[in-house]
Amino acid sequence: LSNHQLRLTILLNRFIKTVHISAENNRFNDKLTIEIEKYISTNLHAPLKIIDLAKKFGFNQQYFKIQFKNSFATSVHAYIKNKRLDHAMTMIKSENHAISEIATFVGYSSTSSFSQAFKLKFGRSPMHYKISKN
């Protein structure tokens, strides 16, 4: 290799290492990830806004969204929606609540939007699951 090619190769290797290190540091640590998971799981009934979550954990909104996506491999909104629907499924299977109560408990303001989201994720309406449970 020529001197020019060698220097270019060295610079390229340094750049790749820097990008790799930067990507590794661009996520929450394990303790913070657990805290965020716990907070979201215990507050599914409440409006969980990104700006409020970011403030609670000491980040600005944009940085929080990026770190969250890198740590959880999904967006904040999608994560919360999935947690709400999974918890609703658990409630339908194990408890005897009205669908409207479950929808409210997991943070939906309307039963119809809850039912649509539930059906989209699980392929059947919450009422269908409730009936088939009995």
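**Labels and their cut-offs**

Guide: Around helix α2, the buried residues are covered by, among others, α3 (50–56), α4 (61–72) and α5 (76–94); cover here rests on contact, meaning heavy atoms within 4.5 Å. This is a predicted model, in which local features need pLDDT of at least 70 and side-chain atom pairs count only at pLDDT 80 or more, while totals for chains, interfaces and linings use all residues. Residues are numbered from 1 along each chain as its sequence is written, and side-chain values use heavy atoms, with hydrogens and water left out.

Visitor: Which residues of α2 are buried?

Guide: L32, T33, I36 and I40 are the buried ones in α2. The label buried stands for under 20% relative accessible area, exposed for over 50%, and partly exposed for values in between (1.4 Å probe, protein chains only).

Visitor: What puts these residues on the same side of α2?

Guide: They cover an arc of only 105° around the axis, so they sit on the same side of α2. The arc is taken from the directions from the helix axis to the C-beta atoms. On the other side of α2, D30, K31, I34 and K38 are exposed. An α-helix has 3.6 residues a turn, so residues three or four places apart point the same way.

Visitor: What span should the 13 residues of α2 have?

Guide: At 1.5 Å a residue, helix α2 (residues 30–42) should span 18 Å, and its end C-alpha atoms are 18 Å apart, which agrees. The expected span is 1.5 Å times one less than the number of residues. Helices are DSSP runs (H or I, at least four residues), numbered from the N terminus.

Visitor: Why are the buried residues of α4 said to line one face of the helix?

Guide: The buried residues of α4 are F64, Q67, F68 and F72. Seen down the axis of α4, they fall within an arc of 110°, so they line one face.

Visitor: Why is F15 called exposed?

Guide: F15 has a relative accessible area of 52%, and the label asks for over 50%; therefore F15 counts as exposed. F15 belongs to helix α1 (residues 3–25).

Visitor: What makes D86 and K121 a salt bridge?

Guide: Their side chains meet at 2.7 Å, N to O; a salt bridge requires a side-chain nitrogen of Lys or Arg within 4 Å of a carboxyl oxygen of Asp or Glu, so the pair qualifies. The pair links distant parts of the chain, with D86 in helix α5 and K121 in helix α7 (residues 111–122), 35 residues apart. D86 is partly exposed at 35% relative accessibility, and K121 is partly exposed at 33%.

Technical notes
Helix = DSSP H or I, 4+ residues; strand = E, 2+ residues; numbered from the N terminus.
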